[in-house]
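User: Can you walk me through this one? I'd like the overall picture before we get into any packing details.

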Amino acid sequence: MFNEKKAKELVLTSLVTDSYCLGTHWVYDETQLKNAPVDFNNLNEPMAMWHKNKSAGDFTHYGDQTLWLYEYITENNKFDAKEFLDFWTLKIQAYDGYVDGACRNTLENIKNEVTPSGSSSTDLSIMGRIAPLLLVSQNEQEFLKNVEDFVCLTHNSQLAKNASKFFAKVIIDRFKGLSVIDALEKNKETSDSQIQGFVNQGIESKGKVTFDVIRDFGPACDIAGGFAGLVHLLAKYDNLKDMLIENAKTGGDSSARAMIASIIFMIDKPISQIPNSWLNIKAKIG
């Protein structure tokens, strides 16, 4: 069902997006953001202390973990949740980047033989890592199952499962030819009231200034703020570069918002919408 060439483009898109967001990721102070010493037309060094070992062209821990999933899938030509959890555990235990709460809690559960081992995190970021699953999903049912199984490995909360299912269904409908807004509206109707509210908020805000909107919704990591913010991005912009620049200027958990937004956005767009200078990421995909 999913075109392999386009699926690989979407993996690349999500990784480039994460690398681009590194500069202002997890910067929350408004004055600091408005005077950020970054060139928003290019990849930048990180400002936040959480990425102190990173440099321009690197990924945040979101991009690194997306790359792990891509590596596992290309090596095995399948997605097996149990096998991948073992693969992920070895990777995260040796990782020298930032290990967030969802990862720490999952590792603790694994250590204590708690099953399922996924944390109760409601962070938005896990949804931006799902593009590699398109490469080994033969139909929409398999994609939905793979997404749920993958998300639950580290983010086993009902909100994370509901939100990831929503975005997976939006991706499916985008591959079927629906526009971004039509896909959002269609899947809103079969979602719970909380997700319906997030979608409505995001679409209704499209005429407002992105910096103000995302700061108002909440620029932090949780789905409760980030979901509506990423819908705003999808509703407002018709050019990837413009969308990602304005998102990066708002700081906070910019990568989480932008990774899933860029995947959904680029399904019917040419890869040429990614500026050439943004392709200078340090990890290449085949």
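Analyst: Gladly, with the caveat that this is a predicted model. Among contacts in the protein chain between residues at least 6 apart in sequence, 71% join residues at least 24 apart.

User: OK, and how many helices and strands are there in the protein chain?

Analyst: The protein chain has 13 helices and zero strands, and from the N terminus on its elements therefore read α-α-α-α-α-α-α-α-α-α-α-α-α.

User: What's the radius of gyration of the protein chain, and what does the globule rule give?

Analyst: The radius of gyration is 17 Å, close to the 19 Å that the globule rule gives for 286 residues, so the protein chain is as compact as a globular protein of that length. Along its principal axes the C-alpha trace spans about 45 × 40 × 35 Å, and 58% of the 286 residues count as buried.

User: Switching to packing: at what angle do H8 and H9 pack?

Analyst: Helix H8 (residues 180-188) packs with H9 at an angle of about 150°, their axes being 9 Å apart. Angles over 145 degrees count as roughly antiparallel, and H8 and H9 are therefore roughly antiparallel to each other. The crossing in which H8 passes H9 is left-handed.

User: Which residues meet there?

Analyst: From H8 they are Ile181, Leu184, Glu185 and Lys188, which meet Gln196, Val199, Asn200 and Ile203 in H9. By class, this contact of H8 with H9 has four nonpolar, two polar and two charged residues.

User: And H7 against H9, how do their axes cross?

Analyst: The axes of helix H7 (residues 158-175) and helix H9 (residues 193-204) come within 11 Å and cross at roughly 55°, and H7 and H9 are therefore oblique to each other. H7 passes H9 in a right-handed crossing. On the H7 side the contact is made by Leu159, Asn162, Ala163 and Phe166, and on the H9 side by Gln194, Ile195 and Val199.

User: What classes of residue does that contact have?

Analyst: The contact of H7 with H9 has five nonpolar, two polar and no charged residues.

User: One last thing, His232: is it buried or exposed?

Analyst: His232, which is found in helix H11 (residues 223-236), has a relative accessible area of 0% and is therefore buried, given that buried means under 20%.

User: What does His232 touch?

Analyst: Not counting residues up to four places away in sequence, His232 touches Gly202, Ser205, Lys206, Lys208, Thr210, Val213 and Phe217.

Methods: Residues numbered from 1 in each chain as written. Predicted model: local features only at pLDDT ≥ 70, side-chain atom pairs only at ≥ 80, totals over all residues. Heavy atoms only, no water. Axes fitted to C-alpha atoms, helices over the stretch in contact; angles between N-to-C directions. Helix = DSSP H or I, 4+ residues; strand = E, 2+ residues; numbered from the N terminus. Parallel < 35°, antiparallel > 145°, perpendicular 65-115°, else oblique. Left-handed = near helix turned anticlockwise from the far one by under 90°. Contact = heavy atoms within 4.5 Å. Nonpolar A, V, L, I, M, F, W, Y, C, P; charged D, E, K, R; others polar. Rg over C-alpha atoms; globule rule 2.2 N^0.38 Å. Buried < 20%, exposed > 50% of the residue type's maximum accessible area, 1.4 Å probe, protein only.
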